[in-house]
Structures are given as structure tokens and as C-alpha cells.
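This report describes the symmetry, contacts and strand arrangement of the structure shown below.

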4 protein chains.
Amino acid sequence: MSKTRITILGAAGYTALELIKILFRHPNAEIVAVTSREDKRPISQVHPSLSGLLDLSLEHLSPKEIAARSNCVFSCLPHTASAKIVPELLACGTKVIDLSADYRLDSPEKFQLWYSEPHPDPDRLGNVVYGLPELFRQQIVDANLVANPGCYPTSAILPLSPLVKSNIIEPDNIIIDSKSGVSGRGRAAKLDSLYCECNESISAYSVGTHRHSPEIEQIISISSGKQTTVIFTPHLTPMNRGILTTTYSIPKINNLTKSNVIDVLKIFYCKEPFIKIVDHLPATKDVAGTNYVHITAEVVGNRVITISVIDNLIKGASGAAVQNFNVIFDYPEKTALV
Amino acid sequence: MSKTRITILGAAGYTALELIKILFRHPNAEIVAVTSREDKRPISQVHPSLSGLLDLSLEHLSPKEIAARSNCVFSCLPHTASAKIVPELLACGTKVIDLSADYRLDSPEKFQLWYSEPHPDPDRLGNVVYGLPELFRQQIVDANLVANPGCYPTSAILPLSPLVKSNIIEPDNIIIDSKSGVSGRGRAAKLDSLYCECNESISAYSVGTHRHSPEIEQIISISSGKQTTVIFTPHLTPMNRGILTTTYSIPKINNLTKSNVIDVLKIFYCKEPFIKIVDHLPATKDVAGTNYVHITAEVVGNRVITISVIDNLIKGASGAAVQNFNVIFDYPEKTALV
Amino acid sequence: MSKTRITILGAAGYTALELIKILFRHPNAEIVAVTSREDKRPISQVHPSLSGLLDLSLEHLSPKEIAARSNCVFSCLPHTASAKIVPELLACGTKVIDLSADYRLDSPEKFQLWYSEPHPDPDRLGNVVYGLPELFRQQIVDANLVANPGCYPTSAILPLSPLVKSNIIEPDNIIIDSKSGVSGRGRAAKLDSLYCECNESISAYSVGTHRHSPEIEQIISISSGKQTTVIFTPHLTPMNRGILTTTYSIPKINNLTKSNVIDVLKIFYCKEPFIKIVDHLPATKDVAGTNYVHITAEVVGNRVITISVIDNLIKGASGAAVQNFNVIFDYPEKTALV
Amino acid sequence: MSKTRITILGAAGYTALELIKILFRHPNAEIVAVTSREDKRPISQVHPSLSGLLDLSLEHLSPKEIAARSNCVFSCLPHTASAKIVPELLACGTKVIDLSADYRLDSPEKFQLWYSEPHPDPDRLGNVVYGLPELFRQQIVDANLVANPGCYPTSAILPLSPLVKSNIIEPDNIIIDSKSGVSGRGRAAKLDSLYCECNESISAYSVGTHRHSPEIEQIISISSGKQTTVIFTPHLTPMNRGILTTTYSIPKINNLTKSNVIDVLKIFYCKEPFIKIVDHLPATKDVAGTNYVHITAEVVGNRVITISVIDNLIKGASGAAVQNFNVIFDYPEKTALV
């Protein structure tokens, strides 16, 4: 069976490194090029863990060159950089899985509001599938372009969507308190990401202003069937990887119990290969290095609490991207992911 | 000036170690004895950081022996162990600062409910001052026994009390999402506290069942003037020390702004030596190793969010204990704490 | 193709967990039983990361029961426990890969000296292959029992053996300064393994007395052809996994250069799938979660310095065990390991 | 008693922050200015832990302005930046404690060789006291300029000097294997210092080329009375602070025992307030946050091993600087340091 030829854009970061490692395990994937705008070093110098494993150097390639070599592109570029190159790739017939935020929001106005820049490819917004197979698998099957979800949204949408869909919680004023490892910050050399700034400390950031808020609201609104808002507070936690999201919402029905909520989740996800509804309180280490999501729920006082854990670099980024790749190219969905 | 002679009960744990280190800096404190029920080793073997600094061995002492040697006792014993020895110490005229949970709740029934054991000294409950000088300084001045607050309650009560007192937030259904370092678990050799179980992972625990919930509710109820409940979710964070507490509450007045909330806090704590109301989002490292509390507030959607940070071993335990000691013995309140 | 049926002895620890995760990826392996002497819980309660993935409970099984169910046993039992059960397993025709220290040393006297206990199966010592395929692959092919190497020995022997074999360093008085993550301590609930005892701290331990010393000396002696001794100092490093070993030895030939040493290593390991000789200074994160070994060398003053990194739980334990399994059962050696 | 007025140069880094915190506890020190070449923000914005504690902003000041305001300067500038300003400060009569490397080496040629730049103030080299009070207290008393030692040199010289002075170890080919926390890298925003690059990993760096090598050799040579060389290998350890140094040397006398070595160290340092010779294996956490040094020794095979631990930011930098300050200004040497 011939392999799908893959180019990875923006290959110097953490997300790309995870992607490469996952694709090594994929029998149908061949990485043919890795790009960077500035760096031309061998990829194994940029990521020493690839020493002796991938004999490619970073290249600065035009969309045409990329399309000539590969039939699938994973973009790990920063936002707006991705949407500047995606249209041409699509025009050449290349499929694109975009790990940036560029195609997640459904209108250019929303993008401009949250990212403070005009969108480079505004007409496409509203027509791109949100790459969460658990909710949108059918649309992904036929997609040429998939907007890979943000890490926080994945951790929040997966526990909440079934509960708003089944109408057992109020879809408004849901509080989402998330704790993420530092790799979520990316690999740029910034003071705030230094070891001694992050280690032995936890802090909240972007309170009320985080760009994943509208993304969560957009998908929860689809699930609830009405425009909904959330209060989203991310926290920077001293660990490399992992997100734990705690949500607090108000039950819509009297005497809702923990086992009611757990049952709704279990039924909703009964056929999903990567979602595990558990009765205990999960820890991020339970899913570290995997594409799995562990979710539980509690009812305390007049609040439904859900707790979910993912690996932000895998299910929150590169694992989800490969899951989408498998769906698009009709490979078994778990390929390379277990 | 003669020094106050101090015995520390239960000196093998982390809280006692911090207490000893703080008391080294106190010109009016002399540690005369350190106790343990089982261990008789030199304290510097139990805590190697004390090598060459404190020439005492752990002893198993009766209350009478303790009272004969010392005029102040800090109890770092586990709950119920403390209340078994405190009455006799008080009868001998020794002042007691109790870092256990034994005298925090105001009724034996509440204690029994949350700690699943009968209280060893039930008649005293309801008459012991809660050792948070920022709220109860006048009662502490004359106290013979002080119930040193729990670490989580300190981190939650300090931001919330002024807001419920000033009537700007609803006192009910306040959500308290706390993140604590692992030292809060104590020094017992338990699987759940192992390095490899805690490192590179975050998890929630005791959801809806943590014993600090009734303690928080009790003090918030005093501040609000009515019986209130909270939803309290603690999380175990991979760091030695520090608590960050995020609270979510509903404004009682329209158009409440961040600066309104900050102003209420600044005015309330304007004379407090250890409370700093800040405009930025604080991190636990900002107060690590200190008795300070940094608090800020935000208003997002229809929610007031407060974020507060403490060092759980200092302001959350031993620093607060020395602060109470200073108040009781009429030493300047900041002695040994800056 | 029928699968090899596997039982894992002592499945509650970290090594067994890694082993299980690796075997999930092995197309020819089926885990049929997991044992524990005391615990009877479902394995997914003991290791929550296995939730929904392995539907087995821990069992207490006799050697006969084990042999009846499985044709290969991985023993993750503590030392002496393993050698009490292995003889009967072998007698039943089951192949055994022993991850304990029981069959590594070549005489019962040496075992008694270092482990302070008589060996339960003394006659076999001296006739068991040391499971380092890079040095002893041919003997492993035909083995019924393999002594899987210790983690520190693997990290020290791999860089040193080629250098003593090729006679370019003095085989005596080699200094081996190793730094290991905390998982090397195992999963027992001990004070010294607590998060707050290990985090934010590094320390040496077992200086001059570590049980891996005779193991290293035994294999280096085989490589050098004469009885040799080493000075081995292990250090406990605040990380979950990884070993970095720095060795210092005296060149036997004048003007030896870094590239001479690197060349010897590259030639020696040119066909090895898991050994990467690198020119840069490797970090343990470069091999974390993998079966790879990265090795480099420097010449400084009159000393040859080698630096090698492994994942102590993978190449230092469970990955090596699966590599041995592949060799014994004639599966491609990299199966499940890349 | 009037206070010594202090300016801190280069106050935005970790060393300066520690210095400020120590000086807060000093009854005879007043911080009057903090400088930065680029930053003009309030110091509490640069170091949020100083919120409400130090009401100064960073300033760019000329040597004359500094000298007009202060009678003592602590320089936390990078190398060569310090020596460009120190001469003028000294000319104005200001005492200088230089935490940079500029005045540690004893010749401009050596400086040029290791720092690849000409020294800005070459004539002074060779006449500046090395600020290790345990070895050079008498010269520090009368100094106007003190070269505060490097962190690694402090950790290596303190255990080794007494042993070479007393002639019980060979002064040549001593192997020094050091492990340092990440704060030793400083606070610059570099890729290699990012949390995700350092966490969960250990690596060697600057093998054979680290600039602290000649500094160690210079002082060991003074102690031994002859030119000596060392093999120095630093390792980056995943923790904020602390250095553990393991040294390996050859005994000069037969049958040297551990207790011989320990005795030499105990006698040598019997009057030193900050040096503790211990019988157990120390951990960096034992001295974290303090100016203490814990040292032990072992004899293994034909090697003397010493193990020493310091806090790199305190005894390895700012604590030592304040210790020097106390010696120069005739304050009790332990002031602000216990």
C-alpha cells in the first residue's frame, strides 16, 4: 500500500516534534519535508531526540513546492501564518490539517476581535470543519481542510457537550477552570516560559481574555442549540504536559446524581476509542503521552462538576491531528495512536 | 528580655520544620523541647537541614513535663491527638497554638460529621478563637488557646470575607477552586504522596468531601451574617509548596468592576502587614517562603473572580502560628516573619 | 500468527506498567495474567492509566498455574522473590525474562555479599545469560532464562565496554558518576521517595555500596579480559525517569582524541538499532519514553569522559526486557520498541 | 547606628532578587538604588515577590551618581560590564562587592583566554581578594573591592582546599562532577533555559570548557602550593536552585579512612559559622534558601570522594556577597544570614 506523503509546516516546535514521533508509528505515513521560515538545520539538531531517526533538514518551501512533494500537510505554524499559505495548498489539491487557530472560529469578525488581526483567508471561515471526531466525524471524512481544536477547548468541550446536548445542565455561565502544563506556551524563548519562572509555582493567566474562550463557546453553542457563554480561567501548572479541566455548571433537573451524569457521558461516548468515562478522579499522568481522554463527574451541592484530563500535546494537538488524518484518509482511526 | 520557652509537639513533619526555622529568627523565642510519640532521634537526623543548628532530640513527654519546661506550646499533632493533650496543657497555664484541625470547628457534632470521630474535648468547641489575625486579632490577644487556620481556608477566606462583609457578592454557592503543593499532604509515607505519583501531574481530590469545606463555610458565614455554603474543589499540584485559590461568585450589585472589588479589598486590608492587594495576576512563587498573601480580583461576565496565593507551610500554617504567637505575647506582629 | 501468551509477575510497580504499555504495541504478545502477592484489585485500579485498556485483575498464582496459562513470563518481582519461583517455571518449559537482580551476578557468594541473603537458586548462577543484546545477543537467542540488566549497569556498560575491549582506556579505577530519576526507587511507600523529599533536591546515595557496582564490574571484566573495579556513585535526581551516566577513565594511548573515541563507539555499535553515538552532549529527555541510548565522549586533560543517557524504565528495564523477548522468540528486534 | 547605603547594579536578575531579600533582614543595610541598563520599571514589577516591599524603580545611573548616593555597591552585572564601571566607583571611594566573574582570575591573559574578550580593567587583576571568607577572611577585612566567588568554585573549593592543604590527597587530576539547578543559568530568555527544555531532564554542558575551571584551579593551586589542574564537568539539574558537587581524588597516604578525611575537614572549619561537616550524605534541599554548606566525605577503593551542597543563589552568590559585606563593614558575620 502506498504511503501518504506528509509535509509538516513549522517543525521546530513541541507540537511538531510530537507529531513526528506519532507518525513514525504510522504504517501509512511518510514524512517527506519539514519546514521552517528561518532555520535550515537538520531536524535532529533542532530536536535531539530525533538523532539517527529522521534524515531531513528544515527547509523554507513555497506552497507549490510543498504540494508537489506531499499529499497531506500538517500546519504547526502560528496563527495568521497558517491561513496565508493554506489557500494555495488547497488549490493544489493538498489536504491540510491545520493545528493553528486560524480556521477554528466561524467568522472573520470573531477572529479579528480575539486575535487583533484581520484574517488572511476570511471567506473560508464558517465552512471549515472543527476537527473533533467525537462530535464532527462525518464532516471530517470528506474534508480537505480540518481546523484542529485547541487544547483547552478539547478538554472542556468533551465533558460539557453531552451534558448540554442532553439538556441536564444549564448551558450558560458554565465555569471552566483549567490547569495546563507549560508546553502549551510553545517553544519560543520568552521570560515567562523560563524554567525558574514556571517551576515550583502555579498562576492564572489571561483571565477573561483567553482566545480559547470563543472557541469553547462556539462549540458549546452548537451542542446546546443556543448562544452560550462560559467563564474560562486557564492556569499555568509546573509540568511539561497535561491539561486538567474542572467545570462547574448548574443542573437543569432536580436531584441529578453523579451516576446520572456519568451515565449520560458513558452512553454518549460508548463507541469512542479514545474517551474513557471513569468513576475515580483522574490525574493528567493517567493520559500523559497518549491520545486518551479520561472524564469523570461529581454532583456537589447545586453544581455539576466535571473533571477531564488530556495530554495537551497529543489529544490536545498532534494526536488529534493524526486522528483526523486517519479519518480523512480512511485509515483505522486508532492507527499510530495506541 | 527573657525569652518565651517553646515546646513543639509532633516535630517530625514539614510544618514543624518550618516553624523551627521561623523561630530561629525570633529574638524572643527559645525552643526548649520537640516531641514525637515514636521517634527519639536527634532532630537534626529527622530534619538534616537542622544539622549543627538545634541540639535537641525528639522526646515523648507528658503534658505536665511539657508545661514544666515551657510557657508556650505549638501543636503540630494530627487531629484528635492534639485535643487529647491540650486540655491538660491549658490547665497548667501553658498557652497553646494548635496547628491541627481540632479546635477550628464550632461544634462537636460538626467535628464528628467531618472527621468521623468523636471530639476528645467537646465542651471547648465554640469558644476557641480562629487564629486569623486579619479577622479576629482582638480575640487572639487574650487567648490561651488559638485554633490556627487550615491552609486552604486561609487562602479562600482572606479574599472572600471582605466581599461578603461589604455585601458586593452573593454569599451562597461560591465556587472555590484551589491548587495546592504536595507538602499539604504531610510527611507520612503514603503511595499517593510518592514523587512519581505526584510529579508531572495534576489531579483533583476530595471533591465535595474535603474537611476544609466546613471551616471555610463557618468563617464566611460569620462574615456574611448568615449560614452560607461553598463548593470547594482542591487540586494536588506538582510543587512542594504554595496554594493558589481561584474563587467564582455572583455580584450583588450591577456593573461591579474590577477596580470596585480591588478597592474594597485594599481598604479592608490597608493596615495589614501581610496582605498585599495587587493589580496583576499573582503566582505562588511570589509568596513562597514568606508569610505574605497576594490577592487580586477580576470581573468576567457575571462573575467576580478572586485569585489569592499563599505559602501553605508559612501563612497557611507555621507563619500564621508565629503571627498568632506574636499577637498573644505582645511582640511586634512581624517579628521573625519578614 | 499465534501470539505468545505472557504473564507478568509483580505487576503493581512502575516497571510492570511500562512493560504492559510496550506490550500493547506488540502484535505477537498477549498479556494473559498479572500477579501480585497481596493485591487482588483490577489492574486498572492499581494503574489508572490502564482504564479501559486491560481487563485483568491481579492474581496470586502458583508457578504451575502460570505455566499452564503462558509460555513466557516477565518477572518484576523483588530480588530473591524471583529466584524462588523461576526454577519451577523453567521446569514447566516456560521462558523467563527476569527483571529482578537475581540472576545477574555469576556466583552465589557474590550475591550473598551484596544482597545479604543466601541465593534461593544458587546452582544456576554463572550459567545465565546477561540480557544486554548489544553484547550477548547470540547467547540470548537460545536462552530459556535471561537476566535483564540493571538500569545503572546498562547506562555504564554500553559506553565503557567498547573502550576497554578496544584497549584504549585503562580498565581499572574507572569513575562512574550516575544521575537517576526517582522511578528507579520503585513504587514502595517510603519516606525517602516522597515528593517533598525528592523534589527540588539532588543527593548522592549508596556511595561505594550500591548493588549495581558488582554487576558493572562483572561485565566490564568480561570486556577487558581481566578483573576490574569501578568507583560507582549514584545520585537521585528530581525527575520521574532517565539516567545520565558520566564516566571518567584514563586513556591507554597517547594523544587520544574525542573523535578517536567516538569512532570506536560508532564502529562497535554500527548495526545496533537502539544505540546512537552522537557528537553533542545528550540529555535524558532525548531518550525519555524510548528504548534508545545516546552516547557521546570527550577527552579532557588526561581523562576520557563518556556521557550516556537512557530511560531507566525502558532501556533500563522494560524496553530491554521486550528487546530480549524479541530476540528469544525471533521477532524483529525493534518490534513494539519504536 | 547609621545604615550603609547600598546600590545594586543589574537588579533584574535572580541573584539581585536574592540579595534584596537578604538585605531586607539586615539591620545595617539600606537599599537606596537599583539599576538596569534598559529597564525603568518599578522593581516590584520586575520581581512581583517584592510587591509592597521595596518602593524603588530601576534606574540607569552613572558611576558618579551611584557613588553620590551609596557607600557600598553590589554588582550583579554580566562579566566585562562590571569591570567597566568598577574602577570609577572605587575612585569615588565606594566599596564594591562584585558578583560577576570580572575580578576572580589573577591575570588579564587568563581572563582573555576563558572569556574571549580583553579585560576592561586589566591592571587590577592579581590584586583583588577572592571573596571566600573561609579562606581569605583577613584580606577581605581591608578590601575596597571583593571578587565574589562563582557558585561551582565555592562548592568545589570548600571541600577540596583543606584536603590539599593538609596534603592527604593528590592535588592533580581531581575530578569534579557538579550538578546545578537552573537558576545558575540566569534570567535571560534563552531556548535552553525554557521550562520544557530543562524539566524532567538532566544533561552535562560545557564539558572541559566551563569558565569556572580556571577559577577552581587558581584557588586549589594556592591551597596546594603548586600549579594544579582539575577535570570539571557541570550538569544541569531540573530544580530551581542548589549545587551538589562530587569530587574524586587520589589519597596521598595509605589506608586513609573516611573518618580521617572528615576529621581534617571538621578541624579546618571548626570556627566557621556556615560550614557544617556531616557524617551523612547531604542533599541540596538541606541547605536550600540558606548560606550554609554541608560537606561529607567517603573513601571508596583508591579514591577520596567528597560531596558538598550549597544554595547556588545564596552561598554561591548573594549570601556570600552579604557575608563579605559583613566582614568589610565589621558587622557580625552572620547578620541577615541566619
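Two strands are taken to pair if DSSP finds at least two bridges between them. The model discussed here is predicted.

**Strand pairing in chain C**

In β5(C), C:Ile97 is the bridge partner of C:Phe74. The strands concerned, β4(C) and β5 (residues 95-98) of chain C, run parallel and are joined by 4 bridges. Between β4(C) and β5(C) the chain passes through helix α4 (residues 81-91) of chain C, and this β-α-β crossover is right-handed. Strand β4 (residues 72-75) of chain C also pairs with strand β1 (residues 4-9) of chain C, in the parallel sense and over 4 bridges. In that pairing, C:Ser75 in β4(C) stands opposite C:Leu9.

**The nonpolar core**

Which residues have the most contacts inside the largest nonpolar core? They are A:Ile8, B:Ile8, B:Phe74, C:Ile8, C:Phe74 and D:Ile8, in a core of 429 residues. When its neighbours within four places in sequence are left aside, C:Ile8 is in contact with C:Ala16, C:Leu19, C:Ile20, C:Ile31, C:Val34, C:Phe74 and C:Cys76.

**Symmetry and contacts between chains**

Chain D is superposed on chain C by a rotation of 180° with 0.0 Å of shift along its axis, the RMSD being 0.0 Å. The two copies are therefore related as by a two-fold rotation axis. Within chain D, the residue that comes closest to the rotation axis is D:Pro238, with its C-alpha at 3.1 Å. The same surface serves both copies, since 100% of the contact residues of chain D recur in chain C.

The table lists what each contact draws from its two chains.

| Contact | Residues from one chain | Residues from the other chain |
|---|---|---|
| Chain A with chain B | chain A: 37 residues | chain B: 37 residues |
| Chain D with chain C | chain D: 37 residues | chain C: 37 residues |

On the side of chain D that touches chain C, at least two residues each are supplied by β8 (174-180), β9 (203-204), β10 (230-236), β11 (243-249), β13 (293-300) and β14 (303-310) of chain D. By class, this side of chain D divides into 17 nonpolar, 14 polar and 6 charged residues. The side of chain A that touches chain B has 17 nonpolar, 14 polar and 6 charged residues.

**A loop residue of chain A**

A:Gly181 lies in the loop between β8 and α8 (195-198) of chain A. Is A:Gly181 buried or exposed? A:Gly181 is buried, because 30 other C-beta atoms lie within 10 Å, and a residue counts as buried at 20 or more. Residues up to four places away in sequence not being counted, A:Gly181 touches A:Thr237, A:Met239, A:Asn240, A:Arg241, A:Gly242 and A:Asn312. A:Pro78 is 103 residues away along the chain, and its C-alpha atom is separated from that of A:Gly181 by 19 Å.

Conventions
Residues are numbered from 1 along each chain as its sequence is written. Chains are lettered from A and ligands numbered from 1 in the order in which they are written. This is a predicted model: local features need pLDDT of at least 70, side-chain atom pairs count only at pLDDT 80 or more; totals for chains, interfaces and linings use all residues. Copies are superposed by least squares on the C-alpha atoms of residues with pLDDT of at least 70 in both. Two residues are in contact if their C-beta atoms, placed from the backbone, lie within 7 Å. Ala, Val, Leu, Ile, Met, Phe, Trp, Tyr, Cys and Pro count as nonpolar, Asp, Glu, Lys and Arg as charged, and the others, Gly among them, as polar. A crossover is right-handed if, with the strands pointing away from the viewer, the path from the first strand over the helix to the second runs clockwise. A nonpolar core is a set of buried Ala, Val, Leu, Ile, Met, Phe, Trp, Tyr and Cys residues joined through C-beta atoms within 7 Å. A residue is buried if 20 or more other C-beta atoms lie within 10 Å of its own, exposed if 12 or fewer, and partly exposed in between; C-beta atoms are placed from the backbone.
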